[in-house]
Amino acid sequence: MAKRLFRAILAMAALGGTATARAEVTNTADNGFTVQHQAVIAGDAEAVWKAMTAPSRYWNGDHSWTGDAGNFYLVPQAGGCFCELIRTTSGDNIKSSEGSVQHMRVIYAHNNKMLRMSGALGPLQSEAVTGTLTMQLQPQGQSTVVRFTYKVGGYMELPVDQMATAVDGVIGEQLARLSALFGEGQGDEPAATEKPSESDENGGAPDPDQG
């Protein structure tokens, strides 16, 4: 199963990512990387939040351990799990399933504004790395600017540059699939929006690492 996930993530790198409005590997180092994607979604923040926190609706099942996106679930509150059930039948639940996988853990949740999760996705799970995915929503008229930023750091045997490109494609794909839930035209360049300040990225509060 891990090999299938690894092949899927590398396939995304070969395709060169997705067509969201803004996408790039913003930083790479010997021990990690940052990728960021941004798009305008034709829905208000509440509607986008509800969709975003239901990964079974848009997260590609190719990036699951069971091959079925219907096994994903997310509890959007601090300590909540972005997890996947290992089911024998579609009727299996948390108690009756054969097992489960934690993809990420929620460390910050502010309804309709920001979700932040910690976890190493896909083949990164077997490496000694940490990953932080910040999903931000900013109202823009009748639409919502959505930004996904994923930062990975630590020790990994996988080639950093190769993984940065691959993960960039995977994160971009999920934002594109979320956008697709709200119709066409999500590839348009967003109106000028300022990059969030340090306090914005921390939910309006000072970064605790800054004292």
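Q: Which residue takes a positive phi in the hairpin of β5 and β6?
A: N112 does, with a phi near 70°, in a hairpin that has three residues between the strands. Helices (H or I, at least four residues) and strands (E, at least two) are DSSP runs, numbered from the N terminus.

Q: Before I go on, what sort of model is this?
A: It is a predicted model, in which local features need pLDDT of at least 70 and side-chain atom pairs count only at pLDDT 80 or more, while totals for chains, interfaces and linings use all residues. Residues are numbered from 1 along each chain as its sequence is written, and side-chain values use heavy atoms, with hydrogens and water left out.

Q: How many bridges are there between β5 and β6?
A: There are five, and the strands pair in the antiparallel sense, where pairing requires that DSSP finds at least two bridges between two strands. A109 stands opposite L115 in β6.

Q: And what does N112 touch, apart from its sequence neighbours?
A: Leaving aside residues within four places in sequence, N112 is in contact (heavy atoms within 4.5 Å) with A45, E46, W49 and L137. The C-alpha atoms of N112 and A47 are 8.2 Å apart, although 65 residues separate them in sequence.

Q: Switching topic, how many residues are in the largest nonpolar core?
A: That core has 39 residues, and F33, M52, M117, L124, L133, F148 and Y150 have the most contacts inside it. A nonpolar core is a set of buried Ala, Val, Leu, Ile, Met, Phe, Trp, Tyr and Cys residues joined through side-chain atoms within 4.5 Å.

Q: Which element gives the most to that core?
A: Helix α3 does, with seven residues.

Q: Why call α3 largely enclosed?
A: Because 15 of its 21 residues are buried, α3 is largely enclosed by the rest of the structure.

Methods
Buried means under 20% relative accessible area, exposed over 50%, partly exposed in between (1.4 Å probe, protein chains only).
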